[in-house]
Amino acid sequence: MQEDYIVQMRGIRKQFPGVLALDGVDLSIRRNQIHAIVGENGAGKSTLMKVLSGIYAKDAGEILFDGKPVVFRSAMDARNAGIGLVHQEPQVVPTVSIAENICLGQLPHHKLFVDRRTLLEESARVCGYVGITKPVTMPAGRLSMGEQQLLQFARALYYKSRLIIMDEPTSSLTEHEKEHIFGIVRKLQGEGVTFVYITHRMEELFELCDEATVLKDGALVTTVKISEIDKKGLVNLMVGREVGLNFPPKAEAAGREVLRVENLTKAGLFHDVSFCVHAGEVVGFGGLIGAGRTEIMDAVFGMNPADSGKVFMNGKEVVVKSPKEAIAAKIAYVTEDRHSGMVMHASIRENMTLASLKTFVRHLFINEGTRTQTAEKFRKRLAIKAPGLSTPVDNLSGGNQQKVVFAKWLMQDADLYIFDEPTRGVDVGAKEEIYKLIRELTNAGKAAVVISSELPELIGMSDRILVVHNGAITGELPYQEATENIIIQYATGVMKNG
Ligand SMILES: Nc1ncnc2c1ncn2[C@@H]1O[C@H](COP(=O)(O)OP(=O)(O)OP(=O)(O)O)[C@@H](O)[C@H]1O
Ligand SMILES: [Mg+2]
């Protein structure tokens with residue numbers, strides 16, 4: 001029956017230069033449900049939702065909203081019709097007040113005048129609902145990452161959205177913030193709101209969603225009820241083959257010491273941090289988001305140097321005050337921010353190889369052939385979906401951009417590789433390949449540090465795990481002793497051995 005659906009998209013087609021992003025996709029979303037959209041990086045998930053929310057014009061197809069055909073010419077059109085969008089990266093103007101960020105410039109009017117009182121009252125009301133306690137006149141830039149994410153929900157409520165689309169909203173949130181957002185989602189569902197949820201995290205999907213639509217290469221695979229499928233079955237539908245979800249074998253024995261950190265301290269962020277990493281070894285850093293893991297690595301890499309403490313590379317003390325000095329000391333760092341260090345309008349090949357040009361020089365000239373071959377090897381292995389190596393990275397899907405950044409750092413000739421959440425936003429098939437590539441590095445005698453907030457990944461990848469809580473190492477575990485439960489106890493400060 002038609003009325004069961006809040007949205008029906010039929011035959012949606014979207015062509016980008018060289019890429020057919022959506023090839024006649026059908027999607028029906030039942031009213032009042034939480035509907036997941038899943039698929040590999042570049043499958044077309046974000047594009048389909050951008051078409052639904054008026055950001056992209058479709059080339060063909062029709063959209064019924066509430067049973068009626070609609071054409072949204074802009075995001076504002078869709079918003080006013082009751083469709084709200086929550087992006088992975090909060091869309092806020094930091095210098096402008098929370099209230100104005102919520103109404104997005106569409107200020108309420110009374111006769112000819114801007115009705116500030118209504119704006120302040122309404123935005124305070126929606127902020128209260130989602131749990132933002134700061135005054136709405138405060139600049140939005142003063143909100144934390146999690147609060148900025150909440151602001152997007154507040155905005156959706158302000159516009160009385162009946163359908164809220166969430167595109168990977170939780171990837172940089174703490175566990176606590178994530179649970180808070182899931183609480184809001186369930187509360188709103190109870191009040192009749194429908195949700196679309198895009199995620200690569202299967203646990204969250206099974207926790208929250210009622211139905212899932214699988215996309216592959218811009219086409220619809222199927223829509224299934226979550227109660228009628230398991231994780232493995234869903235992954236197989238996404239990837240079109242069996243994915244083992246296995247981790248490569250652990251190190252046989254650790255070699256010489258590569259990195260040693262002694263008593264690293266930075267006021268307010270971390271204190272007295274000491275550890276070492278050996279050749280051939282993957283050392284995992286566990287902990288809650290915000291515990292200080294990234295800040296410690298930022299200091300080791302010289303992005304945000306520590307106040308005191310010592311760093312040794314290959315037995316020699318190094319003073320690293322900038323990333324340039326870190327690279328000279330043979331340290332490579334894949335940061336969690338996929339945009340930092342990327343030249344958005346430049347090609348995949350340029351972005352992958354620019355930082356490691358030295359390695360392609362032969363007889364004073366850059367060997368362009370080897371350079372292309374190397375880039376192509378990584379494109380294949382990481383299954384980067386693009387028409388070719390010359391495609392600009394800003395045309396890539398979120399997960400594929402992440403893979404380019406990963407490849408870029410892997411090409412550096414370093415002794416120590418630090419990976420901060422290396423698989424965030426990356427699909428299951430490519431995750432497996434990233435695990436293998438990291439192991440290949442350490443098997444070749446390199447040392448690796450992996451920060452991961454996904455516990456199965458942390459345990460599966462690491463030979464040894466250090467847990468950080470409140471800026472200090474609270475626990476150290478060989479992988480044989482690491483369980484999710486013990487790591488959580490160290491990560492929350494319940495237990496301590498470090
Ligand atoms: N603005 C654009 N210009 C050119 N190509 C684009 C553009 N946006 C997306 N594409 C291409 O369309 C395809 C679908 O991309 P989309 O962002 O929808 O993928 P996705 O399923 O959201 O992937 P991910 O899981 O990585 O976020 C990809 O091949 C992508 O490179
Ligand atoms: Mg996407």
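Reader: Which polar backbone atom lies 2.8 Å from an oxygen atom of ligand 1?

Author: The backbone atom belongs to G42. Please bear in mind that this is a predicted model, and that every distance here is computed from it.

Reader: And which polar side-chain atom lies 2.6 Å from an oxygen atom of ligand 1?

Author: That atom is in the side chain of T47. A nitrogen atom of the ligand takes part in a contact as well: an N or O atom in the side chain of Y56 is 3.5 Å from it.

Reader: How many residues are around ligand 1, and which come nearest?

Author: There are 21 residues around ligand 1, and the nearest are G42, K45, T47, S397 and G399. Sorted by class, the shell holds 11 polar, 6 nonpolar and 4 charged residues.

Reader: Which secondary structure elements each supply at least two residues of that shell?

Author: Strand β2 (19-30) does, as do the helices α1 (45-52) and α13 (398-410).

Reader: Why does ligand 1 lie between domain 1 and domain 2?

Author: Residues of the shell come from both domain 1 (5-238) and domain 2 (257-491), so the ligand lies between them.

Reader: Let us change topic. How do strands β13 and β14 run, and how many bridges join them?

Author: β13 (residues 257-266) and β14 (residues 270-278) run antiparallel and are joined by 6 bridges. One of the residues involved is E257, whose bridge partner in β14 is H278.

Reader: What lies between β13 and β14?

Author: The two strands form a hairpin with 3 residues between them. In the turn, G268 has a positive phi of about 80°.

Reader: Finally, what is the overall picture of the chain?

Author: The chain has 16 helices and 24 strands. Its C-alpha atoms fill a box of roughly 70 × 50 × 45 Å along the principal axes.

Conventions: Residues numbered from 1 in each chain as written. Chains lettered and ligands numbered in written order. Heavy atoms only, no water. Near = heavy atom within 4 Å. Polar contact = N/O pair within 3.5 Å; in protein donor to acceptor, adjacent residues only side chain to side chain. Helix = DSSP H or I, 4+ residues; strand = E, 2+ residues; numbered from the N terminus. Nonpolar A, V, L, I, M, F, W, Y, C, P; charged D, E, K, R; others polar. Domains from an automatic or database assignment. Pairing = 2+ DSSP bridges.
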